[in-house]
Structures are given as structure tokens and as C-alpha cells.
Amino acid sequence: MWGDSLLIVFISICTAFLGEGLTWVLVYRTEKYQKLKVEVERQSKKLEKRKEAHGDSLDKQHKKKIEREEERLKNNNRDLSLVKMKSMFAIGFAFTALLSMFNSIFDGRVVAKLPFHPISWIQGLSHRNLPGDNYTDCSFIFLYILCTMSIRQNIQKLLGFAPSRAASKQGGALFTTPPPQFK
Amino acid sequence: MSTKNKTSDGASKGKVTESLWTKAFTSNTEWPDKEEFLDVIYWMRQAIGIVLGLCWGLIPLKGFIGILLFVAVNAGVVYFYVSNYQNIDEEEYGGMWEITKEGFMTAFAGFLVTWIIIYTGLHGSESL
């Protein structure tokens with residue numbers, strides 16, 4: 001059982017590197033992406049600073065400037081996600097295939113023992129396709145998801161591919177209400 | 001707040017990481033670059049997660065008390081580090097909540113993985 005769980009950790013490390021490698025080949029190294037990323041980061045920081053400086057002032061000119069910059073940032077953010085999107089789809093398909101392959105390899109096998117009883121809505125995942133009703137038995141998919149959650153993001157951060165905080169904070173406003181001029 | 005002493009990427013990476021280590025372990029450090037400080041918090045969280053996972057697996061701690069203790073220790077250490085050791089004004093970072101949730105989910109997943117794997121290896125054959 002221990003061999004299986006270690007193998008799963010190894011698999012998720014490999015797939016994380018593979019995923020990042022593929023994304024690097026398809027997205028990160030392209031000039032368009034790099035240009036857009038630098039631009040978005042610069043604008044997000046600038047906007048944040050400006051908001052900090054004139055956040056509460058009612059000066060119309062400042063407000064207009066901030067709005068205009070927000071608009072530009074939003075457009076750049078949208079372009080950035082478009083650049084990412086195509087290859088993300090390709091990688092997503094490849095990984096779904098890989099996942100289903102591993103799923104069938106580990107089907108019905110207890111790969112680890114949980115040191116706690118998972119709550120009911122997790123049990124469907126942690127006890128997927130496992131015989132018996134000992135809910136401390138752990139299925140492949142649960143351990144794999146946990147590994148991916150921790151390993152993938154840390155690898156992204158280590159390699160410097162994770163989006164900067166300022167950009168993701170500003171980018172979070174992408175799907176909120178449209179600015180006044182569109183109303 | 002000035003950001004004049006922002007380090008250029010890759011130019012002197014070795015020097016930067018070294019100074020980051022010393023900065024992280026020196027109390028009351030000035031953090032002109034917010035990202036740097038949040039990165040320190042992030043990696044500290046990951047380290048705590050893995051260390052706690054190892055400990056809980058070795059003891060072995062079982063049940064939800066393990067998860068609760070992890071959350072408490074993790075949040076407590078970060079809170080102590082931010083407000084007592086570094087004396088940071090949390091409002092600068094958008095409140096304590098923003099700092100508390102920095103890298104929490106990743107650390108939690110890392111903690112669970114280490115806990116489960118060590119527990120499986122050492123006590124997997126016993127029943128809960």
C-alpha cells in the first residue's frame with residue numbers, strides 16, 4: 001500500500017512538471033504572452049498604487065483616470081487569458097486521458113489509509129470504487145487530487161510561472177459589473 | 001511607500017535569496033516590497049504544513065483533532081510571526097484575513113499528503 005501512495009506522489013510530481021513544461025513550450029515562452037504578462041503586471045501595480053493614493057478622493061479627474069486604466073487592464077487581462085486558453089484546453093484533454101488511465105490502473109485498490117474519517121461529501125471521492133465500507137480507506141483519485149493541489153502550485157511558484165498577486169487581485173474584477181460607460 | 005529598492009529579476013538572484021533568508025529571520029524587518037513578505041509567509045506555511053504532517057504521522061495523531069490542530073498551529077504561528085516578530089501593520093496588506101489565507105489551501109493539501117503517507121507507511125495495517 002505504501003508503495004502505491006509513494007508512486008502516486010511521484011506520478012503527480014511528474015505530471016506537474018510535464019504540465020508546466022508543456023505550458024512553457026506552448027504559452028510561457030511565446031513573445032506575445034511575455035509582453036502581455038509584463039504589461040498586465042506593470043498596470044496592476046500602477047493601478048493599485050494610484051488607488052491607494054487617491055482611493056477616497058472625490059476628484060473627478062482622478063476617478064476618470066483610474067477608470068480608464070482599469071479598462072485597459074481588463075482588456076490586457078482578457079488577451080492574456082485568450083493566449084493561455086487554447087493550450088490549456090489541449091493540456092486539459094491530455095491530462096484527462098492520463099487521469100482516466102491511472103484511474104483504471106488503480107481501480108478498486110486501496111492506496112492509502114486515512115488517519116481520519118472523512119466527512120460525508122468527501123467520502124464519495126475518498127472511497128470511490130473501493131469495496132467495503134471502511135471509510136478510512138483512500139482511493140487513488142483523492143490522494144492524486146491532494147498531491148496535485150499542493151505540488152502543482154508550489155512548482156508553479158518555484159519556477160516563477162504563478163501569476164503575481166497584484167495581477168490576480170485586479171484580474172478578479174474581470175467578471176464583476178461592467179464600468180458605467182457600458183450601462 | 002517607496003518601491004525604489006525593488007530588485008531586478010534574475011540579476012543577482014543568489015544575493016537576493018540570501019538576503020531574503022536573513023530578512024525573514026530578523027525581527028522587525030522593513031518590507032518595502034509587499035510581494036516579498038507575502039512570499040515569505042507562503043513558503044513558511046508550506047514548511048509548517050509538511051513538518052506538522054510528518055509529526056502527526058509519526059505520533060500518530062488520528063481523527064479531526066489532527067486537522068483542527070493543524071489549522072490552529074498554522075494560523076497561530078503566522079499570526080505570531082506577523083504581529084509580534086515582524087510587527088507588521090496588517091492593514092497595509094488588506095487586513096489579517098488576507099495574510100491568514102495566503103497559501104493556506106496549498107499548505108493544507110501538503111499537510112494532508114504528508115500526514116496520510118507517513119501514517120499509511122507506519123500504521124497503515126492497524127484499523128482506526
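Contact is taken here to mean heavy atoms within 4.5 Å. The structure is a predicted model, in which local features need pLDDT of at least 70 and side-chain atom pairs count only at pLDDT 80 or more, whereas totals for chains, interfaces and linings use all residues. Residues are numbered from 1 along each chain as its sequence is written, chains are lettered from A and ligands numbered from 1 in the order in which they are written, and side-chain values use heavy atoms, with hydrogens and water left out.

In chain A, among contacts between residues at least 6 apart in sequence, 71% join residues at least 24 apart. The secondary structure of this chain comprises six helices and two strands, where helices (H or I, at least four residues) and strands (E, at least two) are DSSP runs numbered from the N terminus. Read from the N terminus, the elements follow the order α-α-α-β-α-β-α-α. Of the 183 residues in chain A, 37% are buried, that is, under 20% relative accessible area, with exposed meaning over 50% and partly exposed in between (1.4 Å probe, protein chains only).

An unreviewed UniProt entry annotates residues 6–27 and 88–106 of chain A as "transmembrane region"; such positions are given in the numbering used here, feature names are shortened, and annotations may be inferred rather than shown by experiment. Residues 6–27 of chain A are 100% helix and 0% strand, with end C-alpha atoms 31 Å apart, while residues 88–106 of chain A are 95% helix and 0% strand, with end C-alpha atoms 26 Å apart. In chain B, the annotation "transmembrane region", likewise from an unreviewed UniProt entry, covers residues 103–122, a span that is 95% helix and 0% strand and whose end C-alpha atoms lie 29 Å apart.

Between the two chains, 30 residues of chain B are in contact with 30 residues of chain A. The chains bury about 2,600 Å² between them, 70% of it on carbon and sulfur atoms, buried area being the accessible area (1.4 Å probe) that two parts lose on being put together, summed over both. One salt bridge is found across this interface, defined as a side-chain nitrogen of Lys or Arg within 4 Å of a carboxyl oxygen of Asp or Glu; the side chains of Lys157(A) and Asp39(B) form a salt bridge at 3.3 Å, N to O. On the side of chain B that touches chain A, helix H2 (34–58), helix H3 (64–85) and helix H5 (104–123) of chain B each supply at least two residues, and H5(B) gives the most, with 12 residues.
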